[in-house]
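Student: I should like to understand the reasoning behind the terms applied to a structural model. May I put some questions to you?

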Amino acid sequence: MDPVSILVEVIKTASTAMGQNLASETIRDLYRQLKEKLRGTSVDEAVDQLEKTPDSLGRQMVLQEELEKTGQAESAALKETADLLNKALQDQGLAAGQTIQASLKGGGAIAQRDSVAAGKGGIAVKLDLHLDGSRKDWEKAFGDYLDGVVRETQHLRLPGLDLNPLDQGQPVTELSRVYVDLDTTSHLPTESEGRPSPEKERLSALKACIDHPRLVLLGDPGSGKSTFVNHLAHGLARFMLEGAQGAHPYLPGWPEQESALLPLIVVLRDFAAELPEKVAQKARARQLLDFVKLQLGQDDRSEAFEPLRQAIQDGKALLLLDGIDEVPSQQRALVRDIIQSFQERHSRCRILATCRILAYQEPAEEGEEDLRLPASVFPSFELAPFDGEKIRRFIQGWHAERVRSGAVSSRDAGKLAEQLQQAVHRRDLRHLASNPLLLTVMAIVHAHLGKLPEARAKLYEETVEILLWRWERHKATGQEPRMSLLLEEAGCASMDLLRTLWEVAFEAHSQPSSPRSEGKEERGSDIGELQLEKALASLAGGSHDWAQKVIELIRLRSGLLLEREPEVFSFPHRTFQEFLAGAHLALHRDFDKEATRLAAEGAQWREVILLAAGKLAHCDGNLAIPLNLVSELCPVRQRDDAESWEKAWLAGDVLLEVGTSRVQGRDLGCQLVQRVPARLGEVVDRGRLTPAQRAAAGVTLARLGDPRPEVMLLEEMEFCLVPAGPFWMGSTHGQDDQKPLHRLKLNHNFWISRFPVTVAQYAPFVEAGGYGQERFWPEAQAESRWQEGQLRDYLGERERPWGWEQTPSNQPVTGVTWYEALAFCRWLSEQFQESGRLQADWKIRLPSEAEWEKAARGGLEIPARPVVGKSFLKQPVKLKKNPATQRRFPWGSQADSNHANSEEAGIRSPSAVGAFPKGESPYGCLEMSGNVWEWTSSRYKKYRYNAQDGREDLEGGGSRVLRGGSYWNDQSGLGCSSRGGDGPGGGDVDIGFRLALSP
């Protein structure tokens, strides 16, 4: 028998025996058994698994307390047993001054805290166990630890942000004063339908953390992941330190019963650095605790370890694991397993982990290991970009903080805030301002220069200049700055110093170091002082004395390199490191070849390559080299493998970084502006890459200009023929509103659009003033929803869909009510009839839900090949038997995350239409499962379906049927028979529509 089973068996026997009042005799016998059976085994190994055994902790406690109570512990044998059990208890994290609660099965009773209890025929056991120490010591350790967390997280950790003189006593920017609540791309469910609510009711990052005890928070570089971690830790620590009660003043909505949670931040890259170098090692939960103990010891806070460990054990802690993506690739699987092991052992401890989006994807190749945490335990949520309101709030908070710190007067602050607000909404900068870090950078540059450059590479260049030189210029007071004097002494220019720092950044990014750090943000890699000294000494003929003087200035005055701990530096944020590394890469003689090579190494080089291209184009005025890179990444002949498609996607982002309008005057530029979007169109249409990568490539494609006419142009819209005939409608196994499964016959042919209507196709209706033409809105007018050229819903009056400006043009138009869908159909019928594409006796309309379901599932007979086109002339169609007349999904009976934009695909937002070609229905329709719900003409009524019972009347109120499910639903809700409903005035962010037409 293994040690675990032996120890557990002994404890079980002991607890049962004690309940029968046979303690003294049993204990002597148990000691002999225990000593004999565990001879030569590892007690540590046994204890390592004990917490997974129900009630094992309580049984150990009962046995130990019974030993002490009976007065038999003086004998050598029983004392040895007590010592053994004490060691087991200590190894499990029981600490000084702790009061234990235990459970006991059998005839006895259990006492809790300082009480004594006895059941029938049982023994009273007092369970107030004190090891070595006192609760008073714990309280002091708690206070010191919490005070440290508050101090370390109270400031916005981006040097240069405060923009104040470096005088003693000057305030720095407090995080709470400029912090803007972050939202995720998920939405709060409505009470009635379980679908997302309007965009202003996105699920906040804080709410996601409240609702999910374990989760992964995903975001792009600079999206605010680490700032949110700091904000959360600061709020919890400050609440506990102040001894507050009731509603949480710093984290609104945080549950009162969990307000006293102890925050514990672990930078995962630092943790990975402390793991043994041997990769093939067993993942153990205690490895995380060992690292915490090491960190506390280095901070002279070792006394806080026992209280922290006990808080974790009792479910009174929040573990914040920052930066999964910063763990070296060879250690990712081990760190993942350690986190899982920790969660299994400490199941009551809350855990929040953060990661960049591109580093948290399902495997691209079959057989490749999935490095993500299990979604069933750790659901993931993606941070949403700042919307216009959040941008406004940040700018207001930023300038209010500058007034508070004395940097500007209140009169000037208002004027500057208005100028910055206008600047960030420039067409060329608007998409950058939605990123919290880049918005902060914009604020820094605007404060110094009074204006903003046109590209993010230029923004970073200006910010680097500010961070590196501004303290020197402030302190110079008419004299030559000391850094300039040092450079002159070495015969160097400022550019020489910059190039050295570029090289240092590139090397740091190539070989990320991972010791502990004070900063908890998404910081740059650690750079040892010796490494920095060696690089700088090369500027002065190898003089290390000169290099030390430069380092001393950097240590005291520069905001570009921070001394995280003695002799360890890093850049203030990883994005700055990526820009500087990109600047070094841009100097490479064979830039295009080297960048292509790095691209193949993984996602960690993507931002470096993009910023290198941006620097060349916008800072150096060199377009030829970035264009050569685009051509290298997207050659004329494309291989059909994941690496080549990823390079094509990167080529598209490089073009965007450079600016398509800037390259049009060059022959190669004109070729690439055509070639790259065409290649990305193939990525989407052929279903290449993972679903999340494909969706991201679709966004790049939209920004470049999607070349697919059937997606972008009304006159090129494609329709699929659905011949008359019977089909199966409903389900035997779905929700009640899908039952019963019944056979229905449609006596007419009709055509249905291949895709949902896209933003690009809806735009002409908006631009033509369709919202202002009364004849298109009779149902809305009858319900007082349309008036004087404006549609009114529960969010206000409008003349276009909600979220219109932010939605990529090749995605389904969303945020549209049933009234808008009907109005568009009437407008388009007129347009098609006037152009001669549609006969006068035909009309465009919404499909009924019966037509929609037949188009998704297929009839008893289906075309031998789908009939898809732009002409609606009658034509003979060869039919064949449908091999799956009651198929669950448009593509068949098996769920597949690569066939639909569902929750399992991990996209969490609408995707470009056509991105899931394997989800095609028997008639050639796409997107009929997932992506967005689709309006039908039908009123929501129970089955059986009967078109004559009033459900197809357009007049009158009542909910209308939605079909298809959306990105928000898991695949159980995406079947051909799945139904939803909403009021005709509802226009949620996951609702779109497709068209039907017939005589």
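The dialogue below sets computed values against their definitions.

Tutor: This is a predicted model, in which local features need pLDDT of at least 70 and side-chain atom pairs count only at pLDDT 80 or more, whereas totals for chains, interfaces and linings use all residues. Residues are numbered from 1 along each chain as its sequence is written, and side-chain values use heavy atoms, with hydrogens and water left out.

Student: What is the average pLDDT of the protein?

Tutor: The average is 81, and 79% of the residues score at least 70. The term pLDDT denotes the predictor's confidence in each residue, from 0 to 100. Over residues 88-134 the pLDDT stays under 50, and the model has 120 contacts for them beyond four places in sequence; a contact means heavy atoms within 4.5 Å. Residues 513-521 also have a pLDDT below 50, with 41 contacts in the model beyond near neighbours in sequence. Where pLDDT is low, the predicted coordinates should not be read in detail.

Student: Why does Gln 287 count as buried?

Tutor: Buried means under 20% relative accessible area, exposed means over 50%, and partly exposed lies in between (1.4 Å probe, protein chains only). Gln 287 has 13% relative accessibility and therefore counts as buried. Gln 287 is placed in helix 11, residues 286-298. Helices (H or I, at least four residues) and strands (E, at least two) are DSSP runs, numbered from the N terminus.

Student: What does the side chain of Gln 287 reach at 2.6 Å, and what makes that a polar contact?

Tutor: The side chain reaches the backbone nitrogen of Arg 284. A polar contact is a pair of N or O atoms within 3.5 Å; within protein, one must be able to donate a hydrogen and the other to accept it, and residues adjacent in sequence count only if both atoms are side-chain atoms. The distance of 2.6 Å is within 3.5 Å. Leaving aside neighbours within four places in sequence, Gln 287 is in contact with Phe 271, Leu 275, Gln 281, Lys 282 and Ile 338.

Student: Why does Pro 213 count as partly exposed?

Tutor: Pro 213 has 34% relative accessibility, so the residue counts as partly exposed. Pro 213 lies in the loop between helix 8 (205-211) and strand 3 (214-219). Not counting residues up to four places away in sequence, Pro 213 touches Arg 350 and Ile 351.

Student: How do you know that Arg 597 and Glu 601 meet in a salt bridge?

Tutor: A salt bridge is a side-chain nitrogen of Lys or Arg within 4 Å of a carboxyl oxygen of Asp or Glu. For Arg 597 and Glu 601 the N to O distance is 2.7 Å. Arg 597, at 41% relative accessibility, therefore counts as partly exposed, and Glu 601, with 42%, is partly exposed. The structure holds 46 salt bridges. Side chains of opposite charge can pair when their charged atoms come close.

Student: Which residue forms a salt bridge with Glu 851, and are the two buried or exposed?

Tutor: The partner is Arg 845, with the closest N and O atoms 2.8 Å apart. Glu 851 and Arg 845 are both buried.

Student: Where does the salt bridge between Asp 949 and Arg 951 stand against the definition?

Tutor: Their side chains meet at 2.9 Å, N to O. Asp 949 has 29% relative accessibility and so counts as partly exposed, whereas Arg 951, at 1%, counts as buried. A network of salt bridges links Asp 640, Arg 679, Glu 682, Arg 686 and Arg 688.

Student: What makes strand 22 and strand 23 a pair?

Tutor: Two strands pair if DSSP finds at least two bridges between them. Strand 22 (residues 933-939) and strand 23 pair in the antiparallel sense over three bridges, and Glu 934 has Arg 963 in strand 23 as bridge partner. Strand 23 also pairs with strand 24 (residues 979-982), antiparallel, over four bridges; there Arg 960 stands opposite Asp 982.

Student: How do you know that both faces of strand 23 are covered?

Tutor: In strand 23 (residues 960-963), Arg 960 and Leu 962 on one side and Val 961 and Arg 963 on the other are all buried. In a regular strand the side chains alternate between the two faces of the sheet.

Student: Why are strand 18 and strand 20 said to stand at the edges?

Tutor: An open sheet of five strands has the order 18-26-14-11-20, with antiparallel pairing. Strand 18 (843-845) and strand 20 (868-869) each have a single partner strand, so one side of each is left without a neighbour in the sheet.
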